[in-house]
Amino acid sequence: ASLQNKWIIIMAIFFLFTLKSAMPIPVIPVSCVCVISAMVFNLPISIILNILGLVIIFSIRYYIGRSQKTLPYRILKSYDEIWKVLEHDGKGNPWLLFLCRMFPLFPINTVSNIYGGMKYDFKKFILLSVSGYLPKIISYTIIGRNAFNPFSASFIIPVMVSSFLSGTGLLITRKIILFIRRKGEEDVKI
């Protein structure tokens with residue numbers, strides 16, 4: 001943060017976002033990179049940097065999924081009910097993409113790979129992904145901006161919003177898992 005040349009920091013932040021997209025397992029949480037950028041830059045600039053960084057992640061993983069059918073794509077393709085919901089008339093389900101971005105239902109890279117494998121329209125994919133992820137980007141950025149004052153309302157409220165989104169995502173994921181289990185048990189009985 002004390003470097004005179006802020007371009008080096010910007011390049012480092014984009015490098016971390018790129019590294020996040022290239023790693024098969026999540027080593028660097030997106031929230032950490034968003035917090036780091038907000039600790040260095042003012043709020044509007046760090047939000048823009050974080051949005052651009054997420055576009056990098058989404059794009060790289062989308063094109064990886066588009067060029068090769070990844071393991072998550074192949075696994076989900078084998079479940080007809082799940083695939084019908086994902087495909088949504090063969091074009092990809094925009095609402096599901098938006099929800100997966102808003103609530104942390106599935107990892108960023110996995111969702112991007114699957115929609116890339118479905119050859120979902122790239123512009124819509126980026127727009128829906130960024131729109132769905134925007135509340136979290138803003139929360140993480142405000143948290144980072146106020147990281148040096150952790151007892152302020154400016155820090156605590158975004159933590160609460162982020163926790164609410166994560167908790168809601170966990171509840172939705174639990175409902176989906178229970179639905180799939182029940183469906184599997186019904187199929188076994190038949």
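Modeller: What follows is a set of questions and answers on a predicted model.

Biologist: How many disulfides does the structure hold?

Modeller: A disulfide is a covalent bond between the sulfur atoms of two cysteines. Here a pair of cysteine sulfur atoms would have to lie within 2.5 Å, whereas the cysteine sulfur nearest to that of C32 belongs to C34 and is 9.2 Å away. C34 is likewise in no disulfide, and the number held by the structure is 0.

Biologist: Is C34 buried or exposed?

Modeller: For comparison, C32 has a relative accessibility of 38% and therefore counts as partly exposed. A residue needs a relative accessible area under 20% to count as buried. The relative accessible area of C34 is 0%, so C34 is buried.

Biologist: Which way does α2 run relative to α3, roughly parallel or roughly antiparallel?

Modeller: Helix α2 covers residues 30–40 and helix α3 covers residues 43–67, and their axes come within 9 Å and cross at roughly 150°. Angles over 145 degrees count as roughly antiparallel. The crossing of α2 past α3 is right-handed, and because of the angle, the direction of α2 relative to α3 is roughly antiparallel.

Biologist: How many nonpolar residues does the contact of α2 with α3 have?

Modeller: On the α2 side, the residues that meet α3 are V30, V33, C34, S37 and A38, and their partners in α3 are S46, N50, L54 and I57. Sorted by class, this contact has no charged residues and 3 polar ones, while the number of nonpolar residues is 6.

Technical notes: Residues are numbered from 1 along each chain as its sequence is written. This is a predicted model: local features need pLDDT of at least 70, side-chain atom pairs count only at pLDDT 80 or more; totals for chains, interfaces and linings use all residues. Side-chain values use heavy atoms; hydrogens and water are left out. Buried means under 20% relative accessible area, exposed over 50%, partly exposed in between (1.4 Å probe, protein chains only). Axes are lines fitted to C-alpha atoms, for helices over the stretch in contact, and angles run from 0 to 180 degrees between N-to-C directions. Helices (H or I, at least four residues) and strands (E, at least two) are DSSP runs, numbered from the N terminus. Angles under 35 degrees count as roughly parallel, over 145 as roughly antiparallel, 65 to 115 as roughly perpendicular and the rest as oblique. A crossing is left-handed if the near helix is turned anticlockwise from the far one by less than a right angle, and right-handed if clockwise. Contact means heavy atoms within 4.5 Å. Ala, Val, Leu, Ile, Met, Phe, Trp, Tyr, Cys and Pro count as nonpolar, Asp, Glu, Lys and Arg as charged, and the others, Gly among them, as polar.
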